[in-house]
Structures are given as structure tokens and as C-alpha cells.
Amino acid sequence: MKKSHFLAIAATAATAATAALAAMPAAAAPVKIGLVETLSGPQASTGQAYRAAVRYTIDQINAAGGWNGEPVQLLEYDNQGGPAGAADKLKAAAADGVSIVVQGASSAIGGQITEDVRKYNLRNPGKEMVYINMGAEALELTGDKCSFYHFRFAGNAQVRTKSLIEGMKKANALGTKVYAINQNYSWGQDMEQATVDFQKEGGYTVVEKTLHDVNKIQDFAPYVAKIAASGAETVITGNWSNDLLLLMKASKAAGLKARYGTVYLDQPGNIANAGDLALGNFVAHTFNAEANGPEGEKFIEDYKAKTGHVPVFVEPQTVYGMKMVAEALKHTPAKNGALNVNEFAKVLETTRIPTPMGEMSMRAADHQAQLPIVVSTVARDAKFKVDGTDMGFKPVLLLTAEQASTPVQATCKMKRPG
């Protein structure tokens, strides 16, 4: 065979091979999920709880085959507990190819991420990111700052307070004099306003209100003295992490008799710190296995087997939020070999899943999850004990997602991609 003829055959074969490869569907790029969370410093216990729940669910996603045949990749970034740190880490996540950002601890950080994602998406059409919010509950995030690229899978101050008041009224434990104490930023201000707004429904009067610095107070004794002096029968607070832990410690030391109505009393350590003072206090939270029998217990056992501890605090809502993300991914095919965030978001805003507490869905109008809320009280006869004590959370009232829901805020003017 002549050399020229051989080369011609080889060239033809190479062209055919190239054409065949071009005709083959491109392999899907792996979906990268970036956890931008508080993993160090005084608020780290909360951030680590979000991380445990996210890891648990991503392991489940990958065990079921990942997305388009590729394992979902989890990248973790420590925002060090502040908006500035979150802004820096979001830039790093974008550089790493993250398309789904997950965060929960702190509405101040949530507000920063919402704004940074908005700006990034304007600058990078076709390479959008979406923010999956597991616990930043400030109303503005689904109000005047609502965004097509932000989804909240937790409650908000209105939902939590509405539920808490209904549960405490049912238990004849609300009283007629209420003290509102909260952290002085968007979330705490929302909780204070919600406590004022629901006075008529609750049949109580707010006798005094206090907003304090976030995560800076080491001794809450002066605040507890003010509560005692006010004659309040009930204290309603949205405090979380150290600001609730130290408030409970000071209340125990002072022997405060007022009941607490809280959002985060189920944070690990609170019951142990409060001791017997915790008995009879209330929390409006997103999960209580005792409220929904075998399905809840099954979830607890599996979570404990995988993580080494039972799901508590913000972990259940994070697991179910991530399950909604998984469901939406399942119904979002790859486009040009990668995840199209706009298509994913459109699917996510219509997603609904069953949970042990009842159905959970996403409201398309403001991207606020519609989720069941359970109100529980600390009792010794609770089925599941916490913090190594003889106490646990006994359900008082389970509200369906519809019952717990509050209306879309008029300030939400969501702009959607064309």
C-alpha cells in the first residue's frame, strides 16, 4: 500500500472518530454544592449542625446515583460567623464552580449571601448560582429582598410566633403579660414585631421589649432582673446559639419563674444548662418524632446510625430542605452537560415532599417553604430525652403547613429570568 493512500485512510478514520465523538452526548459536569457556614468561633455549634444535616442528605443523594450519573460534590467554606467572611467565601465558591449555595446560621449572613448572589448572577448570565437558605429567617429575605435565586426552607418570625402562641394558648400557659427579648438585628427585630402583632390573637399585653447586641453579652443577669421586675408571666424570644444558652443560664441562676416561649430551645445544651427551670417552657420547631410516630422514629434511627447522634435543633428542617433540593435535581436534566440553575429553580419552586410531620412544599410567589410546625413543651414524660437529662420535648400542638402559613409579604416583587 502506498504511503499516501495509507495516510488518506488514516485521516478518514480520524475524521469519522471525531464526528462520532461530537455526536455523543456530553458527559454531565458534577453538581457542586457549597456550604458557606459558620464552622468556627462562638456560633460554630449551629453551623456544625447544618453541616451534619447537609452531609447526611448528600450522602443519600449519592447513594441513589447522584445527579445524571455523577456524584454530587460538597465543598465546605467557613464564613467565620460574619457577613464579610461570607462574602469572601462566596467568591471562592463561585471560583470553584459551585452552583448551589447552602447556609442557615444568621440572617445577617443570609442577607449578605442573597445580595452577593444577586450581583453575581447579573454579571454572569448563564452561570447563575442559587441560594438554599436553611435557617436565616428574617422576613426581609422573602419580603423586599425576595429573589428568584433565594429559597428558604425554614420558617420566619411570623410563622414561628403565630404557632408558638397557638400552642401555648392551647396548653393554658401563655398568660396575659409578655416580655419580648431579642437580638438586635433583622431576625430579632422581626421576632419583637411579631410578638407585638399577635397580642390580640394571644390575649396578652407586651409589658416590655428589649433588643440587645448579638453574641457580645457574657452576663444576662441584668436582663433577667428586668424581666423579673416587669411582672411578665411569659418571655418570648428568638435568641439562638450562645445568646440563648447564656440567657437560660442566667435565668436558672436567678430562679426566674416566667415561662419561655422560644424558637431555638431545642438547641443542644439548652436543657442541660437550664436544668429544672426548663420544665414547662415551650419551643415552636420543625420536628418532633413523638408528634408523628413510626416515620419520625425511623428518621431518628437512620440519622443516628449515620451521624452518631439524633437529629435535633436545625438538623431536621435542613434534611428536608435538602430532600426537596434532591427531588428538584432529579427532575432537572443536564443542559449542555451541566446543571442549568434557572431550570432547576423553576422546578424547585413547585416541589413538594412528604415528611414525618406532614407535607412540605415551596411557595412560588416568594420562595418561602410551607412546612408543618410543632409546638412542644419541656417535660419529664416526653418520649425522647435530650442533653443526657431526664427531660425532653413533649408535643402540644402540630400545625399543618397550611395552618402555620402566613401571607406573602406585599413588599416581595420577585423578578424572574426571561
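Which hand does the crossing of H3 and H4 have, left-handed or right-handed? The crossing of these two helices is right-handed. The structure is a predicted model, and its chain contains 14 helices and 15 strands.

**Overall dimensions**

- The chain has a radius of gyration of 24 Å, which agrees with the value near 22 Å that a compact globule of 418 residues would have.
- Taken along the principal axes, the box filled by the C-alpha atoms of the chain is roughly 105 × 40 × 35 Å.

**Packing of H3 with H4**

- Two packed helices are described by the angle between their axes and by the distance between those axes.
- Helix H3 spans residues 83–95 and helix H4 spans residues 107–123; the angle at which they pack is about 35°, and their axes lie 9 Å apart.
- On the H3 side, the contact is made by Pro83, Ala86, Ala87, Leu90 and Ala94.
- H4 contributes Ala108, Ile109, Gln112, Ile113, Asp116, Val117 and Tyr120 to this contact.
- Sorted by class, the residues in the contact of H3 with H4 are ten nonpolar, one polar and one charged.

**The largest pocket**

- Rolling a probe the size of a water molecule over the atoms shows where empty space is left.
- The volume of the largest pocket is about 600 Å³.
- Its lining consists of 24 residues, and those nearest the centre of the pocket are Thr57, Gln60, Lys323, Ala326 and Lys330.
- Two or more lining residues come from each of helix H2 (44–63), helix H11 (293–307), helix H12 (315–330) and strand E11 (352–355).
- H12 gives the most to the lining of the largest pocket, namely six residues.
- By class, the lining of the largest pocket has eleven nonpolar, seven polar and six charged residues.

How values were computed:
Residues numbered from 1 in each chain as written. Predicted model: local features only at pLDDT ≥ 70, side-chain atom pairs only at ≥ 80, totals over all residues. Heavy atoms only, no water. Axes fitted to C-alpha atoms, helices over the stretch in contact; angles between N-to-C directions. Helix = DSSP H or I, 4+ residues; strand = E, 2+ residues; numbered from the N terminus. Left-handed = near helix turned anticlockwise from the far one by under 90°. Contact = heavy atoms within 4.5 Å. Nonpolar A, V, L, I, M, F, W, Y, C, P; charged D, E, K, R; others polar. 1 Å grid on protein atoms, 1.4 Å probe; cavity = no way out; pocket = protein on both sides within 12 Å on 5 of 7 lines; lining within 4 Å. Points joined across faces, edges and corners; volume = space filled by probe spheres on them. Rg over C-alpha atoms; globule rule 2.2 N^0.38 Å.
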